[in-house]
Amino acid sequence: MDATYWGHRFGVLVFKDAHRNKILWRKFLSKKETIADYIEGIEWLENNGFNILGLVCDGLKGLATALSKYKVQYCQFHQIKTVKFYLTSKPELQASKELLHIALQLCHTDKESFVGMFEEWSLQWKDFLKERSVEPKTGKTRFTHQRLRSAYLSIKRNMALLWTFYDHPETTLPNTNNGIEALFTDLKTKIRVHNGLSKLNRMKFTDQYFYNKK
């Protein structure tokens, strides 16, 4: 499950069957997708006889909790993107360099190895993560390495969801949303060829594109 956007007021949320590579459901969006949008799609699937083995999604806040009755896999690719957002692709701090290196192993190693590397890093840099600085204007303290902490806490919070596919091999869930991301890239490439499409015609084009993927 994932969404893609053209600007801030037009997007589409898509559910894709990872086993058969088929589009199951889509919804056009006029604003950022919400948990309610995802639940609407899931309820449609269930009401139409689909058996949901598991779900692969990105990190929309509260989504995993709302879908806790299902086996939820958090897209490992999105997790790496989050870490890069906080640390950049070329961090300067040694701790940041090491954490980025660990994050980049996510799609290329097993659960035990990744968890082991992450826990070892956490122990080594525990005190560094707790360092605080005083704000000159307010006199209040804040964490000195806030972006590093944010990257670290993101992995820590999502750790269990990063390995659902590994803990439940019977679901044959993929570990990323790369299949649907590739679909979005192809769709946007085709739409760019028809530059200047109105919103209505873009919707018609998108509908036809997904219809051909059923």
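Predicted model: local features only at pLDDT ≥ 70, side-chain atom pairs only at ≥ 80, totals over all residues.
1. Lining of the largest pocket. Its residues divide into 11 nonpolar, nine polar and eight charged. The volume is about 680 Å³. In total, 28 residues line the largest pocket, and the closest to its centre are Asp58, Gly59, Leu60, Lys61 and Tyr74. The elements that give two or more residues to this lining are E1, helix H2 (63-66), strand E5 (72-74), helix H3 (76-87), helix H7 (146-158) and helix H9 (178-193).

2. The second largest pocket. Here the volume is about 500 Å³. The 24 lining residues include Lys16, Asp17, Ala18, Leu24 and Gly54, the closest to the centre. Two or more residues each come from strand E2 (11-17), strand E4 (55-57) and H9. The lining divides into 13 nonpolar, nine polar and two charged residues.

3. The start of the chain. Met1 sits in the segment before strand E1 (2-5). Met1 has a relative accessible area of 9%, so it counts as buried. The C-alpha atoms of Met1 and Glu120 are separated by 33 Å.

4. Asp2 lies in strand E1.

5. The whole structure holds eight salt bridges. In one of them, Asp37 pairs with Lys27, with the closest N and O atoms 2.6 Å apart. Asp37 lies in helix H1 (residues 35-47) and Lys27 in strand E3 (residues 22-29), so the pair ties together parts that are 10 residues apart in sequence. Asp37 is buried, because its relative accessibility is 10%. Lys27 is partly exposed at 22%. Lys27, Asp37 and Glu40 are linked in a network of salt bridges.

6. A link between distant parts. Lys111 forms a salt bridge with Asp167, the closest N and O atoms being 3.1 Å apart. Lys111 is in helix H5 (residues 111-124) and Asp167 in helix H8 (residues 164-167), 56 residues apart. Both ends are partly exposed: Lys111 at 24%, Asp167 at 38%.

7. One further pair. Arg142 and Glu135 meet through their side chains in a salt bridge of 2.8 Å, N to O. Arg142 is partly exposed at 39% relative accessibility. Glu135 is partly exposed at 31%.

Technical notes:
Residues numbered from 1 in each chain as written. Heavy atoms only, no water. Helix = DSSP H or I, 4+ residues; strand = E, 2+ residues; numbered from the N terminus. Buried < 20%, exposed > 50% of the residue type's maximum accessible area, 1.4 Å probe, protein only. 1 Å grid on protein atoms, 1.4 Å probe; cavity = no way out; pocket = protein on both sides within 12 Å on 5 of 7 lines; lining within 4 Å. Points joined across faces, edges and corners; volume = space filled by probe spheres on them. Nonpolar A, V, L, I, M, F, W, Y, C, P; charged D, E, K, R; others polar. Salt bridge = Lys/Arg side-chain N within 4 Å of Asp/Glu carboxyl O.
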